Amino acid sequence: MRSSGRASYVDLQGYVCVFAPESTAATTNGWGREHRVVMTEILGRKLKRSEHVHHLNGIKTDNRISNLRLLSVEGHTKEHNNNPRNRKIGEPNDLIVCVC
């Protein structure tokens, strides 16, 4: 987990929210999900609507930059659908597409 020194809480979806009114990832009330705040700081720009921040290890409160990856909305959906943790044993996976 990341210790930013900012006021924070965990929302109902399990994400860490931080008070970061200076961030382009914050809402009008100054709060933003920490993984999005961290990524905007690293990139030095606002996230595009077509970009999602993915937690590599699946732990929503682990906002170390080494655990975050910027993906397209489509890529993020595929990442979750292709991840064995997100499927039941024996469930087919029709979303694996060869990009050769």
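A residue is called buried here when its relative accessible area is under 20%, exposed when that area is over 50%, and partly exposed in between (1.4 Å probe, protein chains only). The model is a predicted one, so local features need pLDDT of at least 70 and side-chain atom pairs count only at pLDDT 80 or more, while totals for chains, interfaces and linings use all residues. Residues are numbered from 1 along each chain as its sequence is written, and side-chain values use heavy atoms, with hydrogens and water left out.

Charged pairs make a handy way into the structure. Side chains of opposite charge can pair when their charged atoms come close. A salt bridge is taken as a side-chain nitrogen of Lys or Arg within 4 Å of a carboxyl oxygen of Asp or Glu, and the structure holds five of them.

One of these bridges brings R6 together with E22, at 3.0 Å from N to O. The two partners come from distant parts of the chain, 16 residues apart: R6 sits in the segment before β1 (8-10), and E22 in the loop between β2 (16-19) and β3 (31-33). Helices (H or I, at least four residues) and strands (E, at least two) are DSSP runs, numbered from the N terminus. R6 is partly exposed, at 22% relative accessibility, whereas E22 is exposed, at 56%.

R6 also pairs with E41, and here the closest N and O atoms are 2.7 Å apart. Because R6 lies in the segment before β1 and E41 in helix α1 (residues 34-43), this pair ties together parts that are 35 residues apart in sequence. E41 counts as partly exposed, with a relative accessible area of 39%.

Another salt bridge joins R64 and D62, whose closest N and O atoms are 2.7 Å apart.

What does A26 touch, once its neighbours within four places in sequence are left aside? A26 is in contact (heavy atoms within 4.5 Å) with A20, P21, W31 and G32. A26 and V37 are 11 residues apart in sequence, and their C-alpha atoms lie 7.2 Å apart in space.
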